[in-house]
Amino acid sequence: MNRPYQQPGQGSREQRRAARRAAEKRSAATASEPPKAVPQQSAEAFCLMWYACECGHRERIWNSRDGVTPFGMSCPSCGEAKLFHVNFGRDTYAPDHVPRNGQRIWISMSKDRARQIARRTAERIAAARKVKIDDAMVERIATEIYRDGAAPDIVVWGYVEAE
Ligand SMILES: [Zn+2]
């Protein structure tokens, strides 16, 4: 199965643990150096999480990557910015989860997508100021949105699949 949401070089939890143990051994071997901080997975890495809105909308969204996810966003049912991550105790770590058709998943922001969003933002700013769009402005906004690929984006999984 094609899994475009998987990032190259993204190791499993076991691989990360092994890497951490190796790093700890290395720092123990060189006692003269202080132990180095080993990066930890984010709390929401590869988690299935419930989101709910006061309008009644409720869905389970999967984080396909080791990266942060927003607490709230706009609701696909009512359009209000009232869809929030709820029931934290029911977050499930699921690195091997296969998204169901129609399930929304968090993916990493791509540079192209950041540029798309930045262009729309720049168009609004340019229209409000009655000036032309400036490519440097688009690029500046895109860089802020992209955050070196750490920013989250959301997609509906299986939207184009016919089964
Ligand atoms: Zn709603």
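This is a predicted model: local features need pLDDT of at least 70, side-chain atom pairs count only at pLDDT 80 or more; totals for chains, interfaces and linings use all residues.

Q: Which atoms coordinate the zinc ion, and at what distance?

A: The SG atoms of Cys53, Cys55, Cys75 and Cys78, at 2.3 Å.

Q: And what's the geometry of the site?

A: Tetrahedral, with angles of 105 to 114° among the four donor atoms.

Q: Where do Cys53 and Cys75 lie?

A: Cys53 is in the loop between strand S1 (47-52) and strand S2 (58-63), while Cys75 is in the loop between strand S3 (72-73) and strand S4 (83-86), so this pair ties together parts 22 residues apart in sequence.

Q: OK, switching to helices. At roughly what angle do H2 and H3 cross?

A: Roughly 130°, with the axes of H2 (residues 111-129) and H3 (residues 135-146) coming within 8 Å. The two helices are therefore oblique to each other.

Q: Is that crossing left-handed or right-handed?

A: The crossing of H2 and H3 is right-handed.

Q: Which residues make the contact?

A: On H2 they include Ala114, Ile117, Ala118 and Ile125. From H3, Met137, Val138, Ile141 and Ile145 are among them.

Q: How many of the contact residues are nonpolar, polar or charged?

A: The contact of H2 with H3 has 11 nonpolar, two polar and six charged residues.

Key
Residues are numbered from 1 along each chain as its sequence is written. Side-chain values use heavy atoms; hydrogens and water are left out. Axes are lines fitted to C-alpha atoms, for helices over the stretch in contact, and angles run from 0 to 180 degrees between N-to-C directions. Helices (H or I, at least four residues) and strands (E, at least two) are DSSP runs, numbered from the N terminus. Angles under 35 degrees count as roughly parallel, over 145 as roughly antiparallel, 65 to 115 as roughly perpendicular and the rest as oblique. A crossing is left-handed if the near helix is turned anticlockwise from the far one by less than a right angle, and right-handed if clockwise. Contact means heavy atoms within 4.5 Å. Ala, Val, Leu, Ile, Met, Phe, Trp, Tyr, Cys and Pro count as nonpolar, Asp, Glu, Lys and Arg as charged, and the others, Gly among them, as polar. Donors are N, O and S atoms within 2.8 Å of the metal (3.2 Å for Na, K and Ca); water is not among the atoms, so sites may look incomplete. Four donors count as tetrahedral if all angles lie between 85 and 135 degrees; four count as square planar and six as octahedral if opposite donors are over 155 degrees apart and all others between 65 and 115; anything else is irregular.
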